[in-house]
Every structure is written in structure tokens, then in C-alpha cells.
Amino acid sequence: MRAVVYRKPFDVAVEEVPDPHIEHPNDVIVRITSSCICGSDLHMYEGRTTAEPGIVFGHENLGIVEDVGSGVTALEQGDRVVMPFNVACGFCKNCLAGLTGFCLTVNPSGFAGGAYGYAAMGPYPGGQAEYLRVPYADFNCMPLPAGTDHESDYALLAGIFPAGYHGCELAGVAPGNTVAVFGAGPVGLMAAYSALLRGASQVFVVDRVAERLAKAAEIGAVPIDFSRDDPVQQIMDQTRGEGTDAGIDAVGYQAVNASGDREDPAAVLNQLVRTVRPTGAIGVPGRYVPSDPGGIDEHAKRGVLRVALGALCEKGLRVSTGQANVKRYNRQLRDLITAGRARPGFVVSHELPLEEAPTAYQKFDQRIDGYTKVILRPT
Ligand SMILES: NC(=O)c1ccc[n+]([C@@H]2O[C@H](COP(=O)([O-])OP(=O)(O)OC[C@H]3O[C@@H](n4cnc5c(N)ncnc54)[C@H](O)[C@@H]3O)[C@@H](O)[C@H]2O)c1
Ligand SMILES: [Zn+2]
Ligand SMILES: [Zn+2]
């Protein structure tokens, strides 16, 4: 089959790789109809992870069940399904608590949590390919209505819609709250959208990319361009100097300075400490890593950042972090889409054949030509 294969930093290619097959009775094989490119893929693409050449990318996958293992009970050939990016077993301590992003059994490296097509997240090839093997399929496949309706809305259930929602959950966003979301990438836009779904009264979205800020304005959030002026001051000016009830970091360790020419990995965390009102909460779905070969200094390379812990404690702020436990939210979010109450697909800028993956990676990485969220269509 054809698949998007990582060759070296800034180089992916569509190549022939072996077809996946049923390896365990609990597996299914899914024919992929949609697979998204994620900001987390860029960390591997830029050579900032331990991803080995030859790995097939793609952890946000939707498709049609093609082949069913003998131990699978809830799925049949022809079912349309979307898979959480987390590979999870369903029976370990963390899975039983709903913390499927930190499954204790699926990752032989000993790290909690598994994912398709991701460095250090277990032996699961990705779905930017014609076919995908899904382990523990009864647990990891979520059924969708048959047909092709809402394909790009449902595809976002694999990753960024639940990840944005998770940001709100981590920050405890409640009706009437004011919320500051840093980052208007796909995750930030989904966090802002989720905050509005949850009844936030005012949502600020901070970024420097004009097309992305325009999308934030489109859904009713207040765009804040941090290349123009201090974003914290801009938000203070619009909240009578109070700051917001909640803050969400949807940027992670690749945060840049106002002119965009230098990385400043702790910038967003420190701005959130200044933005959120005393006793408020900060949710961090953005990714910070224990080691970053591309980090700007010796500390950043070891994943050690200068965060204003003193101010954070003095304000009594709560901080929660971590990958989204997608399975905890995807059913409810699916039903909002089916009922016409949520349309996360507004964030999708490009729907392209698999062959265009190399160009799509390049442009999404440079955040140019309006590349905000790309869905690859392998079949
Ligand atoms: N927790 C999860 O489960 C989960 C899931 C998916 C992605 N992620 C992580 O979320 C983060 C965002 O993902 P994405 O796909 O939206 O990526 P992205 O890179 O497309 O978006 C990041 C955005 O942040 C902006 N930005 C950079 N510096 C900034 C600053 N100082 N202030 C405000 N904005 C700034 C960039 O311009 C960009 O638009 C990444 O770290 C990704 O790894 C986490
Ligand atoms: Zn992702
Ligand atoms: Zn588990």
C-alpha cells in the first residue's frame, strides 16, 4: 500500500510499504478515508524527536472496517469508524479511570500512553496510508453514522477536537467564564470553540498568524495579535484589568517571540501566569517534552524551562497538563456533530490526496498559504 514515510528532517515521501494484517484476534484493519496532519507530526518532521527514518506518520484516522479479527465482537466489515489517536487497552488502571492517554500496557518502552505513527509511543504504524491496523479494536474504534456525511467534522474526533475540549476540561472552563487561549493553531481553535460550546462568556485567542486569527474571529472569539503588542496587556484592557478565569496553552514548547524569529519555549506559560486571575486555572494541552534536540539552549534541550513559579503560587493558580484522553470525550462530541450542534470542520483548510503530503507538510510547517489543518484522503 501507499503511505507517508518519514525519511529525514523536513523530508517525507509517499512510498510503497507492506499492507498491515490481523496480528491478534482483537485487531481490525481499517481502510483509511481521512487522516489529518497534526502539529505534533511537525515535531517529528522537524527532527526534534527520536522518530526513526521509515516510520509511517498519521495518528488522527477515520475509515471503513475492512477486515475483522476473530475476537472482535462489536464491529463488522463496512462499519465507518474513527480512532482516538491514543492506542489504549481498556483494562489497565488508567484506562479504567478514563485516562486512556496514559494506558499502562500498550507501550513496550515503559512510557504511559500509545499512539499510531508516533516516536516513542509504541509499535503502531500511522494511518497516513491506505490501511491501518487497530489493536483492541472494540475499545479503540468509535462507530460513526454510515455514509460520507460530515467526513471532515468527524475526522477531527480522532485528535484535535477532543484535544481542544480537553484543554477546557483541564482549565475547568464553566458557563460564564472568560477564557484566554494561546495559539490559534488547530488545537487552540478547537479549545476556543469548545469553550464557547461550554458557555464561556468571552474567549480571547492569541496568535500572530492572520488567517488563524481570522478563523478565531469567525467563531465569535476575540483575536489578539501578539506581534503587535503585549498580549497580556491587550487582554487586561478588555477585562477591566481582572484577567481571565481560565487560560489554555495550545502552543507548547515551540512558542516563538513577538517577531516570530526566535523560539521562547516558556513564553506562553509565563504569559498565562500573568493573564489568569488569582485562583484561576491553566490547562496545558500544548506539548512540552523531556528532551528537545532542537531546543534553543542547554536547558531547553533537556526540557527544563524558566517558568515564573513564584508568581504562579502567589496567585494560587492551578495548572493541569497532558495528552487528551480522547475516548473520554469523543462519543459526546460525535453526537454534537451528528445533531448539528457542532461543526469543528471550519478549521480544515485543505483536503488533499495522499500524494500531496510532502507539499502539505512543508507548507503547514511554515504556516503559510493558509495551511491550518490538512486532511489527507488516501482512498
Ligand atoms: N494534548 C493533546 O492531546 C494534543 C493533541 C494534539 C496536539 N497537541 C499539541 O498542541 C500544540 C498545538 O498543536 P497544533 O496542531 O494547533 O499546532 P500548530 O503548531 O499548528 O499551532 C501552534 C500555534 O501557536 C502559535 N504560537 C507560537 N508562539 C506563540 C506565542 N508565543 N503566543 C501565542 N501563539 C503562539 C503559532 O503561530 C501557531 O499558530 C502542539 O504542542 C501539539 O503537539 C496536543
Ligand atoms: Zn495529533
Ligand atoms: Zn490501558
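**A zinc site and the salt bridges of the chain**

Along the chain, the donors of the zinc ion (ligand 3) are spaced as C-x2-C-x2-C-x7-C, where donors are N, O and S atoms within 2.8 Å of the metal (3.2 Å for Na, K and Ca), and where sites may look incomplete since water is not among the atoms. This is a predicted model, in which local features need pLDDT of at least 70 and side-chain atom pairs count only at pLDDT 80 or more, while totals for chains, interfaces and linings use all residues. Residues are numbered from 1 along each chain as its sequence is written, chains are lettered from A and ligands numbered from 1 in the order in which they are written, and side-chain values use heavy atoms, with hydrogens and water left out.

The zinc ion (ligand 3) is held at 2.3 to 2.4 Å by the SG atoms of Cys89, Cys92, Cys95 and Cys103, its protein donors. The angles among the 4 donor atoms run from 101 to 117°, and the site is tetrahedral, a label given to four donors if all angles lie between 85 and 135 degrees. For comparison, the ideal angle for four tetrahedral donors is 109.5 degrees.

We turn next to the charged side chains. The model has 21 salt bridges, each defined as a side-chain nitrogen of Lys or Arg within 4 Å of a carboxyl oxygen of Asp or Glu. One of them pairs Glu355 with Arg2, whose closest N and O atoms are 2.2 Å apart. Because Glu355 lies in the loop between β16 (350-353) and α13 (357-366) and Arg2 in strand β1 (residues 2-8), this pair ties together parts that are 353 residues apart in sequence; helices (H or I, at least four residues) and strands (E, at least two) are DSSP runs, numbered from the N terminus. Glu355 is partly exposed, at 43% relative accessible area, and Arg2 is partly exposed at 22%.

Arg48 and Asp292 form another salt bridge, at 2.7 Å from N to O. Arg48 lies in the loop between α1 (39-45) and β4 (60-68) and Asp292 in the loop between β14 (276-284) and α10 (298-301), so the pair ties together parts that are 244 residues apart in sequence. Both Arg48 and Asp292 are buried.

Note on methods: Tetrahedral: all angles 85-135°; square planar, octahedral: opposite > 155°, others 65-115°. Buried < 20%, exposed > 50% of the residue type's maximum accessible area, 1.4 Å probe, protein only.
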